[in-house]
Amino acid sequence: MNAVRARVRLELTLFARQKDTVVFSFLLPIVMLALFATVFRDDVGDGHGATVRYAQYFLPGILAAGIGLVSFQTVAIGIAVERYDGTLKRLAATPLSPTSYFLGKCAMVLVASAVQVALLLAVAAVAFRVPLPTQAGPWVTFAWVFLVGTIAGGLLGVAYSSVPRSASSAGAVVAGPVLLLQFASGVYFNFPDLPRWLQTVAAVFPLKWIAQGMRSAFLPGGFAAAEPSGTWQHGTAALVLIGWTLTGLVLSLRTFRWLT
Amino acid sequence: MPPSDGCNGDASAAIVVAMAVIEVRRLTKRYGERRAVDGLDLDVHSGEVLALLGPNGAGKTTTLEIMEGFRRADEGIVRVLGIDPWRAPRQHRERVGVVLQEQLGQGELTVDELLRTTATYYPRPWDLDALLDAVGLPEQRRQRIKVLSGGQRRRLDVALGVLGRPELLFLDEPTTGLDPEARRGLWRLIRRLADSGATVLLTTHYLDEAEQLADRVAVLIAGRLADLDTPSTLRRRGNDATVHWTECGRPRSVVSAAPTRTVAELAARLGGEIPDLVVARPSLEDVYLRLVGEHA
């Protein structure tokens, strides 16, 4: 237990001191939110007369993108780099269990992601006057989508870290697919406007479900009608995200190697 | 039991087998067509410092990494503390310390942060103050790893390797690239560990390092054991001494199997004091280079 606590502290220290991760996965979504909300000023409608300001419409998408970046991207790149700079080989020589190592990564991701999400909500509410939910229901939805989404992203990041073949390629090999997935999952574009086939592809991956869950928490109820299915699909979202969490767990435990 | 004079080989061999910390039999490792390790037999005894010496590509690191459990043997048997290192459970790592050849990463951490975290992996780690004193890094405790000098990083590496108080310590080229003072500092540290009862297996291509640290030297050439003995016995393998002196204003030298007789004859011929007399026994390096030359 001591080792896990020490790993979490170490991971958070490293995260905070690595300027590139801080800038590109932690601060980027906050900058994007500020930028998009400043540039795009048109209101977005639900098709039945109700409208919200663009900043409010963009908030759920950028929350989902931030969760994906801090969990999946940070972990996948971080482990790939540690594999090729000799850190994992050194850990392999110690009694530390892979499970403790994973737990350290996941807890680090949860803390970093929670801070980022809090900052995103604060910027949206204070700088762009986005009305945040006043009832418990949407916050409960927000909480479980955040929690399961972050853990799924972290574990899938552990599994995906075996894919890059060198430390220098890790950034591109991880960030490329993440960026594509963001476009396909409706982070930057209105998801219902995407072509049907792209929606179908995106629905396989967790990011689309995190974004949809966040829309259900931060948009008025009428916007559900604009979704492809006409509802928020909480049950399906939960099943898909839990499914990816378990897949990530099994893949991590089965494929993880300390050594190259 | 008679006092050991190094001659009662059979009796000590019997004790030795019972106390082998590492046992290697017919170990073979291939990389493609090349045999990096080729039928190696080796025993490392409890409490000794054994140096694996050999030219580049002799199979030293491969052998070490198989013993550390980082590589799998193609053939043969390897037992480290009685366990097959490739299938060793994580608890086995509590008893074995490893100092790798590669550079240490995670430069953004401080010395203290990395040691403190690593200490939590072990059931009874060293006290950090004492350890930092022993490796000579008490001043660097709060510094980031990336600002340490090469010698300081190497000492931190050794500190990480011994942090869990291992019974057995592997060191892969511990002093390569260090300045002479840093090397001596590390030698003192390794000797202190050995004195406290740990078994140490190190690789090196420095003859002086092997001579300074090792109880026995295993010379590895092309993946095979070319020789194995104490440094002083190895040195005596080269029987011939070289006698140097000055005669008629010119330096002279002669290689002799009986240098005492040579000197006596010289003294008689030159009538007393022999100018600039030096009798040089072959160094371990001479013997080693001859050994490598024979196998080339």
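Colleague: Is A:Ala34 buried, exposed or partly exposed?

Modeller: This is a predicted model, and the reading starts from a count of neighbours. A:Ala34 has 17 other C-beta atoms within 10 Å and is therefore partly exposed. The cut-off matters here, because a residue is buried if 20 or more other C-beta atoms lie within 10 Å of its own, and exposed if 12 or fewer do.

Colleague: Where does A:Ala34 lie, and which residues does A:Ala34 touch?

Modeller: A:Ala34 belongs to helix H2 of chain A, residues 19-39. Leaving aside residues up to four places away in sequence, A:Ala34 touches A:Val123 and A:Ala127. A:Tyr160 stands 126 residues from A:Ala34 in sequence and 30 Å from A:Ala34 in space, C-alpha to C-alpha.

Colleague: How many C-beta atoms lie within 10 Å of A:Ala124, and is A:Ala124 buried or exposed?

Modeller: A:Ala124 has 24 other C-beta atoms within 10 Å, so A:Ala124 is buried. This residue lies in helix H5 of chain A, residues 98-128. With residues up to four places away in sequence not counted, A:Ala124 touches A:Leu33, A:Ala55, A:Leu59 and A:Val130.

Colleague: How far is A:Ala124 from A:Ile30, in sequence and in space?

Modeller: A:Ala124 and A:Ile30 are 94 residues apart in sequence, and their C-alpha atoms are 9.2 Å apart in space.

Colleague: Which elements make up chain A, and in what order do they run?

Modeller: Chain A has ten helices and two strands. Read from the N terminus, the order is α-α-β-β-α-α-α-α-α-α-α-α.

Colleague: How does the radius of gyration of chain A agree with that of a compact globule?

Modeller: For 260 residues, a compact globule would have a radius of gyration near 18 Å, and chain A agrees because its own value is 18 Å. Along the principal axes, the C-alpha atoms of chain A fill a box of roughly 65 × 35 × 35 Å. Of its 260 residues, 43% count as buried. Among the contacts in chain A with a separation of 6 or more, 81% are between residues 24 or more positions apart.

Colleague: How is the packing of two helices described?

Modeller: Two packed helices are described by the angle between their axes and by the distance between the axes. In chain A, helix H3 (residues 54-84) and helix H7 (residues 167-184) pack at about 160 degrees, with axes 9 Å apart. H3(A) and H7(A) are therefore roughly antiparallel, and their crossing is right-handed.

Colleague: Which residues make the contact of H3(A) with H7(A)?

Modeller: The H3(A) residues include A:Ala65, A:Gly68, A:Leu69 and A:Phe72, while those of H7(A) include A:Ala167, A:Ala170, A:Gly171 and A:Val174. By class, the contact of H3(A) with H7(A) has 13 nonpolar, four polar and no charged residues.

Colleague: At what angle do H6(A) and H9(A) pack?

Modeller: Helix H6 (residues 136-160) and helix H9 (residues 206-218) of chain A pack at about 165 degrees, and their axes are 8 Å apart. H6(A) is therefore roughly antiparallel to H9(A). The crossing of H6(A) and H9(A) is left-handed. Among the contact residues are A:Pro138, A:Thr141 and A:Phe142 of H6(A), and A:Pro206, A:Ile210 and A:Gly213 of H9(A). This contact of H6(A) with H9(A) has nine nonpolar, four polar and no charged residues.

Colleague: How many helices and strands are there in chain B?

Modeller: Chain B has ten helices and twelve strands. Its C-alpha trace spans about 75 × 50 × 45 Å along its principal axes. Of the 296 residues in chain B, 35% are buried.

Colleague: Which residues of chain B have a positive phi although they are not glycine?

Modeller: Among them is B:Arg26, with a phi of about 50 degrees. B:Arg26 is in strand S1 of chain B, residues 20-31, and counts as partly exposed because there are 13 C-beta neighbours inside 10 Å. Another is B:Leu81, also with a positive phi of about 50 degrees. B:Leu81 is in the loop between strand S4 (75-80) and strand S5 (96-99) of chain B. With 18 other C-beta atoms within 10 Å, B:Leu81 is partly exposed.

Key. Residues are numbered from 1 along each chain as its sequence is written. Chains are lettered from A and ligands numbered from 1 in the order in which they are written. This is a predicted model: local features need pLDDT of at least 70, side-chain atom pairs count only at pLDDT 80 or more; totals for chains, interfaces and linings use all residues. Axes are lines fitted to C-alpha atoms, for helices over the stretch in contact, and angles run from 0 to 180 degrees between N-to-C directions. Helices (H or I, at least four residues) and strands (E, at least two) are DSSP runs, numbered from the N terminus. Angles under 35 degrees count as roughly parallel, over 145 as roughly antiparallel, 65 to 115 as roughly perpendicular and the rest as oblique. A crossing is left-handed if the near helix is turned anticlockwise from the far one by less than a right angle, and right-handed if clockwise. Two residues are in contact if their C-beta atoms, placed from the backbone, lie within 7 Å. Ala, Val, Leu, Ile, Met, Phe, Trp, Tyr, Cys and Pro count as nonpolar, Asp, Glu, Lys and Arg as charged, and the others, Gly among them, as polar. The radius of gyration is taken over C-alpha atoms; the globule rule is 2.2 Å times the number of residues to the power 0.38.
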